[in-house]
Amino acid sequence: MKLPLHIARRYLFGKKKHNVINLISGISMLGVGIGAMALVIVLSAFNGLEDLVESLYSTFDPDIKITAKKGKTFHQDSINYGQILNIDGVQSGSRVLEETALLKNADFQAFAKLKGVDTSFVTMSNLSEAVVYGSDQLYSKKGTPNMVMGYILMQNLHVQVEGFPRPLNVYAANRKAKSVGIGNTNAFKIRQISPTGVFSINADFDSEYALAPLSFAQNLLNYENRISAIEIRAIEGQNLKQLKGEIEQFVGSDYEVETRFQLNDILYKTNNTEKWVTFMILSFILVIATFNIIGSLTMLIIDKEDDILILKSMGADTSLMQKIFFTEGFLISVIGGGAGILLGLIVSFLQMQFGLLKVQGMLVDAYPIKIELLDILAIMGIVGVIGAISAYIPTRVLISRYAKAGSSEE
């Protein structure tokens, strides 16, 4: 194997009779390098976006959510909440009750998803990091309930959370009312609550959600001691599928257990599909770039016709000559691809460290980047496979022809 590599290296870096062969070889390396670099940068950008989306949704969406398969709510004591928190891999949890309610501030009103949570929710969800105005505390020092709402919802209601905020009126359908009608004053249940905090996560959450203490939501909605879900935060690095299986065995078949990825199934699948579709498109461009390798190898073999005949007269068989030119083509692909991957990693690292490419209108100042080892291995694999195929085709065909031509002359 050393002899084919030695000769191939001399052919690659040595002077040819025709300078155009050197030019085409250089173009081949450049094409493969640009393709590989683009793959590294684009896939890392997709990873960065996925991480950004995941971090945004993780503030509100738990790692694992337990809901009833039948009905909207279940009794909060029907599942041993304390034992769930003691399961290996569970960091914290919160019992929640979520329902649509009408919020009214003077002449301004808006429908919102009222989410009643217990006191552990604030710590579990890292809500404090998303609060832009006011406080994340769901109870005042006097023990009265407070509300923390989304930024867009706050604007729609013209709410003031600092100083002495005006209490909001919260309306919900009265489940215990005997009849529902326009003239029935008992059709809605009304409670007041002080808005003391505003969070900003993304447009979906900011325009829809309002957080309040669980007891407040249960009282308003006439769901005494009932909840709609148990939300769980897993220990960092915990395998969510494995933890989900353990929780499913514990709660039984009457409850639905879903991971964060299942709760936002379409979102994660769409991002993942776009990523690998882009990978296939750029890989196809890489295939087109390797056609230059076929051209440069073909011209090199023609240029080295005398060398082939000399090697054959010295006893070299067809297999050895094929290995020489195959190695030549493979080197072009590997060197170009390796340089492209390295350059792509450098550009990605620079973006991660210094944020060279800025963005406007997003929650981050610079375009997010995250390098995944699996992606780099996949790029190295595709470069190697395409390079091997592009080197094999002309080598196999042309060297076989020269071998047959040499035998017929004899």
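Biologist: Is Lys-304 buried or exposed?

Modeller: Burial is read from relative accessible area: buried means under 20%, exposed over 50%, and partly exposed in between, with a 1.4 Å probe and protein chains only. Lys-304 has a relative accessible area of 12% and is therefore buried. In the protein chain, buried residues make up 46% of the 410 residues.

Biologist: On what basis are such values computed?

Modeller: This is a predicted model, in which local features need pLDDT of at least 70 and side-chain atom pairs count only at pLDDT 80 or more, whereas totals for chains, interfaces and linings use all residues. Residues are numbered from 1 along each chain as its sequence is written, and side-chain values use heavy atoms, with hydrogens and water left out.

Biologist: Where does Lys-304 lie?

Modeller: Helices (H or I, at least four residues) and strands (E, at least two) are DSSP runs, numbered from the N terminus. Lys-304 belongs to the loop between helix 11 and helix 12 (305-313). Its C-alpha is 9.1 Å from that of Tyr-11, although 293 residues separate Lys-304 and Tyr-11 in sequence.

Biologist: How do the axes of helix 10 and helix 11 cross?

Modeller: Axes are lines fitted to C-alpha atoms, for helices over the stretch in contact, and angles run from 0 to 180 degrees between N-to-C directions. The axes of helix 10 (residues 265-289) and helix 11 (residues 291-303) come within 4 Å, crossing at roughly 15°. Angles under 35 degrees count as roughly parallel, over 145 as roughly antiparallel, 65 to 115 as roughly perpendicular and the rest as oblique. Helix 10 and helix 11 are therefore roughly parallel to each other. Contact means heavy atoms within 4.5 Å; here Val-287, Ile-288 and Ala-289 of helix 10 meet Phe-291, Asn-292 and Ile-293 of helix 11.

Biologist: Which strands pair with strand 8, and in what sense?

Modeller: Two strands pair if DSSP finds at least two bridges between them. Strand 5 (residues 131-134) pairs with strand 8 (residues 188-199) in the antiparallel sense over three bridges, and Val-131 has Phe-199 as its bridge partner. Strand 6 (residues 146-150) pairs with strand 8 in the parallel sense over five bridges, with Met-147 opposite Pro-195. Strand 7 (residues 168-173) runs antiparallel to strand 8, joined by six bridges; Asn-169 has Gln-192 as its bridge partner.

Biologist: How many helices and strands does the protein chain have?

Modeller: The secondary structure comes to 14 helices and twelve strands. The C-alpha trace spans about 110 × 45 × 40 Å along its principal axes.
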